[in-house]
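Here is a short briefing to read with the model open beside you. Take it topic by topic, and follow along in the viewer as you go.

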Amino acid sequence: MRIVIAGGHGQIALRLERLLAARGEAVEGLIRKPEQADDLREVGAEPVVLDLESASVEEVAERLRGADAAVFAAGAGPGSGAARKDTVDKAAATLFADAAVRAGVRRFVIVSSMGADPAHRGDEIFDVYLRAKGEADAYVRALDALDWTILRPGQLTNDAGTGLVRLEAHTGRGPVPRDDVAAVLAELVDTPATAGLTLELISGSTPVSVAVKSVAGN
């Protein structure tokens with residue numbers, strides 16, 4: 001498979017790229033800064049410098065043409081202000097989805113957040129973030145040309161992954177290592193039977209592959 005990942009230098013994305021490359025996939029990561037390129041090459045991914053906050057739909061579609069799957073794993077980051085929640089977490093996500101449609105890439109996986117909701121109330125930065133993520137999710141769900149899966153992890157940690165998760169439509173809140181989020185994403189990309197599902201993810205007791213097969217109905 002050829003897989004294109006938006007937010008290619010993110011903490012989850014770098015872990016995902018390493019997993020996908022290790023199993024022989026051709027992986028490309030979209031990055032904003034040329035100096036991030038070596039980090040992607042180190043994990044086996046091909047870096048592509050393309051800023052989703054300034055690129056056109058057609059420019060992004062050009063990078064996606066011929067891909068088997070697209071993964072949106074970009075985020076404005078915890079230190080960013082409200083404006084970038086809108087330009088990255090919402091606008092870049094919808095741009096990437098539109099570009100996938102234009103490029104004819106059906107398989108689309110988006111990393112969202114537990115609690116994402118376009119109607120979420122509040123004026124704090126995290127409230128703005130949850131609204132932006134919710135609006136992006138709603139936009140993707142409305143695109144019939146995509147076989148989308150939305151993954152909503154709980155509280156992200158840098159603990160070593162256990163490979164044991166709880167993956168369901170509603171899990172309740174809880175932590176989950178970024179390692180395990182990446183492992184679930186790698187399975188989801190390769191499991192089109194999860195299309196049309198919005199899934200919450202926290203640490204649990206079920207092996208990743210079993211958890212993904214279960215939600216896929218296998």
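**The central strands**

In strand E5, Val-109 is the bridge partner of Val-71. This is a predicted model, in which local features need pLDDT of at least 70 and side-chain atom pairs count only at pLDDT 80 or more, while totals for chains, interfaces and linings use all residues. Residues are numbered from 1 along each chain as its sequence is written, and side-chain values use heavy atoms, with hydrogens and water left out.

Helices (H or I, at least four residues) and strands (E, at least two) are DSSP runs, numbered from the N terminus.

**Strand pairing**

- E4 and strand E5 (residues 107-111) pair in the parallel sense over four bridges; two strands pair if DSSP finds at least two bridges between them.
- Strand E1 (residues 2-6) also pairs with E4 in the parallel sense, over four bridges, and there Ile-3 stands opposite Ala-69.
- In a regular strand the side chains alternate between the two faces of the sheet.
- E4 is covered on both faces: Ala-69 and Val-71 on one side, and Ala-70 and Phe-72 on the other, are all buried. Buried means under 20% relative accessible area, exposed over 50%, and partly exposed in between (1.4 Å probe, protein chains only).
- Strand E2 (residues 26-31) and strand E3 (residues 46-49) pair in the parallel sense over four bridges, with Leu-30 opposite Val-48.

**Crossovers**

- From E2 the chain passes through helix H2 (residues 37-43) to E3, in a right-handed β-α-β crossover. Right-handed means that, with the strands pointing away from the viewer, the path from the first strand over the helix to the second runs clockwise.
- E4, H4 and E5 form a β-α-β unit that is right-handed.

**Aromatic rings**

- There are three aromatic pairs. Rings of Phe, Tyr and Trp (its six-membered ring) pair if their centres lie within 6.5 Å; planes under 30 degrees apart count as stacked, over 60 as edge-to-face and the rest as tilted.
- Phe-72 and Phe-96 make a tilted pair, with 6.0 Å centre to centre and 50 degrees between the planes.
- This pair links distant parts of the chain, since Phe-72 sits in strand E4 (residues 69-72) and Phe-96 in helix H4 (residues 82-103), 24 residues apart.
- Both Phe-72 and Phe-96 are buried.
- Ring pairs join Phe-72, Phe-96 and Phe-108 into a cluster.

- The largest nonpolar core has 34 residues, and Ile-5, Leu-151 and Val-184 have the most contacts inside it. Such a core is a set of buried Ala, Val, Leu, Ile, Met, Phe, Trp, Tyr and Cys residues joined through side-chain atoms within 4.5 Å.
- Helix H6 (residues 178-189) supplies the largest share of this core, seven residues.
- Another core, of 33 residues, lies apart from it and includes Val-60, Val-88, Ala-92 and Ala-97.
- Nine of the twelve residues of H6 are buried, so the helix is largely enclosed by the rest of the structure. Among them are Val-181, Val-184, Leu-185 and Leu-188.
- Leaving aside neighbours within four places in sequence, Val-184 is in contact (heavy atoms within 4.5 Å) with Leu-151, Val-165, Leu-167, Leu-201, Val-208 and Val-212.

**A buried glycine**

- Gly-174 lies in the loop between strand E8 (164-168) and strand E9 (175-177).
- Gly-174 is buried, with a relative accessible area of 16%.
- Beyond its neighbours within four places in sequence, Gly-174 is in contact with Gly-154, Gln-155 and Ile-202.
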